[in-house]
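Here is a short briefing for a first look at this structure. Keep the sequence and the model open side by side as you read.

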Amino acid sequence: MFSRSVVLLRSMLLLGMGGLLCSWTMALAEERTVLILHTNDFHDHVRPGYGGQGGLPYVAGYISGVRETRDDILLLDAGDVREKGDWVAHLTEGELMFRAMGVIGYDAVVPGNHDVNDPFPHLDQCEEWLGQPFICANIINPDGSPRYLPSRIFEVNGVRIGVIGLTRNDKGEAIPPMDFSERVLAEEAAKLKDDTHILVALVHEGGMDAVRLSRAAPEIDIFVTGHTHQTTPKPMVLEDTDTLMVQAGANALFVGRLELTVDIESGQIVSYEGEIVPMDHASVTPDPVVLAMVEEAEAELCPEASVVIARSDRQIGMAEVAQLAAEALREAHGTDLGLCMADRVIRNNMPEGEIDINAVFRSITPPALDTVTVEVTGAELLAYLTEYYGTWERPHWSGANIVFERGPDRAHRVASTDIDPERTYRAAITAREWEARLSPFVANPRVEPQAITTDLALRRYIKGLELDGEPLCEHASLMLEAATAPLAEAR
């Protein structure tokens, strides 16, 4: 088979020669168009998005509009349909999202790591809600056979397209077994290459992982990817293989378009063009069926989701939300301290403008909803905070004042604090942060599970603030500054 570069060069030369040679070439070669529309990492963003951007009803409306003008479309999703999004989607445990995607009419969907958190029965149920088989070669049964269809072949405008699914797992043993080897993709590509014009890997991986997979399976023409939340305004050409890679951001904010012209004779992509289209509410009309599904489910399951409890002049960043959550946990549980690690607990900013109850829920990752209270000494607490203070998972605290400084070795250390190392404190913290981060620092843990969830504590705290017209962002900023202010200023 010709390389992509050879085919593109041949096409350019033929276009320049004109006349009889051009007519002769057209007689020998037949070129067909294909439009791949692609999405990834919806993460339960099923409602119309904040700030006039995004949301699954707008994704559905955009796709429906394109289908009115084109019949050469292949629609793909690269996984992570679930988690980290709207309250109503969380309450349905995936049903609303997958049923809505079934209405949209995807041709192929690969589950992402947030979709495979549960054992097989629930993932099988998600497939049923979707209304079509998942495409995934590396989720396996106990006997080593694929649990789902490894691949499918689609014929679009006369072009035979093989689509191979591959996902990732970083959640431990409580999920379906998987095969992580590049061999899975290479073997499936070898099976399909002689019966297709082009091969697409629908992979819940991105970045350097896509490069690695491409080197293992150079027969793949296109990687439609996810997981890393990249936006590729133009298709990336992967190192060593010249394979194309695309990804459309996250949170139902974009739909990707990849326009292809394929030479049927050689099975080569002779030209391509790609873009990422923002789901701007001013220019995209929402799909009425999907929008009605969302509104009806919310009215039944969580009608208070749209109740506005605050406003903000700007987005409230994850560090500020973590500070609010730390104070909310301390107040809700009546403890000495509140702790909240931003990245491990907080996964979304709060929006600019009106902040409703759904926005509060959406700021917290679902695995961090459960809370506990623990007894911890001042020395143990300071050791924990010092360990993680300078990392991307930086913790936040309420009920204490701690000032860190960076030493000559660039390590962080406590410069001043009102924490007594000899005293035992009672702290409120999410169960997730306790189990994964704080617990190794506590010698004699006394842990009590609590009924008040993180989102409920934060919601009650915000509603109870007497802001007198002050935007919530200003309150959050002041709290963040106070927690690390010099002691004299803190008083």
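At what angle do helix α3 and helix α9 pack, and how far apart are their axes? The angle is about 165 degrees, and the axes are 8 Å apart. The model is predicted.

**Helix α3 with helix α9**

- Helix α3 spans residues 56–67, and helix α9 spans residues 288–301.
- Angles over 145 degrees count as roughly antiparallel. At about 165 degrees, α3 is therefore roughly antiparallel to α9.
- The α3 and α9 crossing is right-handed.
- From α3, the contact uses L56, P57 and A60; from α9, it uses V290, L291 and V294.
- By type, the residues of this α3 and α9 contact are 6 nonpolar, no polar and no charged.

**Helix α3 with helix α5**

- Helix α5 covers residues 95–104.
- Its axis and that of α3 come within 10 Å and cross at roughly 10 degrees.
- Angles under 35 degrees count as roughly parallel, and α3 is therefore roughly parallel to α5.
- The crossing of α3 and α5 is right-handed.
- On the α3 side, L56, A60, I63 and R67 take part; they meet M97, A100 and I104 of α5.
- The contact of α3 with α5 holds 6 nonpolar residues, no polar ones and 1 charged.

**Helix α5 with helix α9**

- What is the crossing angle of the α5 and α9 axes? They cross at roughly 165 degrees and come within 10 Å.
- The two helices, α5 and α9, are therefore roughly antiparallel to each other.
- This crossing of α5 past α9 is right-handed.
- Helix α5 supplies L96, R99, A100, V103 and I104 to the contact. Helix α9 supplies V289, V290, M293, V294 and A297.
- Sorted by type, the residues of the α5 and α9 contact are 9 nonpolar, no polar and 1 charged.

**Nonpolar cores**

- In soluble globular proteins, nonpolar side chains tend to be buried together.
- The largest nonpolar core in this model has 105 residues.
- Which of its residues touch the most other members? They are I222 and L472.
- Beyond its neighbours within four places in sequence, L472 is in contact with A310, R311, S312, I316, L324, M350, I355, I462, L465 and L467.
- Another core, of 25 residues, lies apart from the largest one. Its members include V372, I402, V442 and A483.

**Helix α14**

- Helix α14 runs over residues 431–438.
- Of its 8 residues, 6 are buried, so α14 is largely enclosed by the rest of the structure.
- The buried residues of α14 are A431, R432, E433, W434, R437 and L438.

**T365 in its loop**

- T365 sits in the loop between α12 (357–362) and β15 (371–377).
- Is T365 buried or exposed? Its relative accessibility is 1%, so T365 counts as buried.
- Setting aside neighbours within four places in sequence, T365 is in contact with K84, R344, V345, R347 and R432.
- One of these contacts, R432, is a buried residue of α14.
- R344 is 21 residues from T365 in sequence, and the C-alpha atoms of the two are 7.8 Å apart.

- Most residues other than glycine have a negative phi.
- H43 is not a glycine, yet its phi is positive, about 50 degrees.
- H43 is in the loop between β1 (31–39) and α3. With 1% relative accessibility, H43 counts as buried.
- H227 also is not a glycine and has a positive phi, about 80 degrees.
- H227 belongs to the loop between β7 (222–225) and β8 (236–237). Its relative accessible area is 22%, so H227 is partly exposed.

**G317**

- G317 is in the loop between β12 (308–312) and α10 (318–333).
- At 23% relative accessibility, G317 counts as partly exposed.
- G317 and V262 are 55 residues apart along the chain, and 45 Å separates their C-alpha atoms.

Definitions and conventions. Residues are numbered from 1 along each chain as its sequence is written. This is a predicted model: local features need pLDDT of at least 70, side-chain atom pairs count only at pLDDT 80 or more; totals for chains, interfaces and linings use all residues. Side-chain values use heavy atoms; hydrogens and water are left out. Axes are lines fitted to C-alpha atoms, for helices over the stretch in contact, and angles run from 0 to 180 degrees between N-to-C directions. Helices (H or I, at least four residues) and strands (E, at least two) are DSSP runs, numbered from the N terminus. Angles under 35 degrees count as roughly parallel, over 145 as roughly antiparallel, 65 to 115 as roughly perpendicular and the rest as oblique. A crossing is left-handed if the near helix is turned anticlockwise from the far one by less than a right angle, and right-handed if clockwise. Contact means heavy atoms within 4.5 Å. Ala, Val, Leu, Ile, Met, Phe, Trp, Tyr, Cys and Pro count as nonpolar, Asp, Glu, Lys and Arg as charged, and the others, Gly among them, as polar. A nonpolar core is a set of buried Ala, Val, Leu, Ile, Met, Phe, Trp, Tyr and Cys residues joined through side-chain atoms within 4.5 Å. Buried means under 20% relative accessible area, exposed over 50%, partly exposed in between (1.4 Å probe, protein chains only).
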